[in-house]
Amino acid sequence: KKDFNDGSWKEGNADFGFNEPVVTTVQRGHLTYYYRKEFQLSTASCFRASGAFAHVIHNDGFIIYVNGEEVLREKMPSGEITDTTLATARGTSRKYEEFRTSSLTR
């Protein structure tokens, strides 16, 4: 949600995780972790037409939202997602993977 108040969230630089070479360690014991990143596009119209690329390191599934709209889903079931939804598979790579998002509509 665009208007979600994340003011109480901790801040840190990526990579996030535990027991791995990480920049910011996150607290163990949670099934789901949420991360937010604010950014500005200088020419948004070109992204509406062609989509965009995301470079992601992940162990399990993830969903990326832009302005509250889902643009990328990997290793997550279809349908509504909650903080108790499990990934459909586990990743093993510690390398960045490149994903092309759907067209951005906003």
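Is Phe4 buried, partly exposed or exposed, and what is its relative accessible area? Phe4 is partly exposed, with a relative accessible area of 43%, where buried means under 20%, exposed over 50% and partly exposed in between (1.4 Å probe, protein chains only). The model is predicted, so local features need pLDDT of at least 70 and side-chain atom pairs count only at pLDDT 80 or more, while totals for chains, interfaces and linings use all residues. Residues are numbered from 1 along each chain as its sequence is written, and side-chain values use heavy atoms, without hydrogens and water.

Two aromatic pairs are found in a search of the whole structure. Rings of Phe, Tyr and Trp (its six-membered ring) are paired if their centres lie within 6.5 Å; planes under 30 degrees apart count as stacked, over 60 as edge-to-face and the rest as tilted. Phe4 and Trp9 form a tilted pair, at 5.6 Å centre to centre and 55° between the planes. Trp9 is partly exposed, at a relative accessible area of 32%. Phe62 and Phe99 have ring centres 5.3 Å apart and planes at 75°, so this pair is edge-to-face. Phe62 in strand β4 (residues 62-66) and Phe99 in strand β6 are 37 residues apart, and the pair links distant parts of the chain; strands (E, at least two residues) and helices (H or I, at least four) are DSSP runs, numbered from the N terminus. Phe62 counts as buried at 13% relative accessibility, as does Phe99 at 10%.

Phe4, found in the segment before β1 (16-17), also belongs to a nonpolar surface patch with Trp9 and Tyr34, with about 320 Å² of accessible area together. Such a patch joins nonpolar side chains (Val, Leu, Ile, Met, Phe, Trp, Tyr) within 5 Å, from residues with over 30% relative accessible area and no salt bridge. Accessible areas come from the Shrake-Rupley method with a 1.4 Å probe.

Three salt bridges are counted, each requiring a side-chain nitrogen of Lys or Arg within 4 Å of a carboxyl oxygen of Asp or Glu. In the bridge of Asp6 with Arg36, the closest N and O atoms are 3.4 Å apart. Asp6 lies in the segment before β1 and Arg36 in the loop between β2 (24-25) and α1 (44-50), so parts 30 residues apart in sequence are tied together. Arg90 and Asp60 meet at 3.2 Å, N to O; Arg90 is exposed at 60%, whereas Asp60 is partly exposed at 33%. Arg73 and Glu70 form a salt bridge with the closest N and O atoms 2.6 Å apart.

Notes. Patches are made of residues with over 30% relative accessible area and no salt bridge: like charges are joined within 9 Å, nonpolar side chains (Val, Leu, Ile, Met, Phe, Trp, Tyr) within 5 Å.
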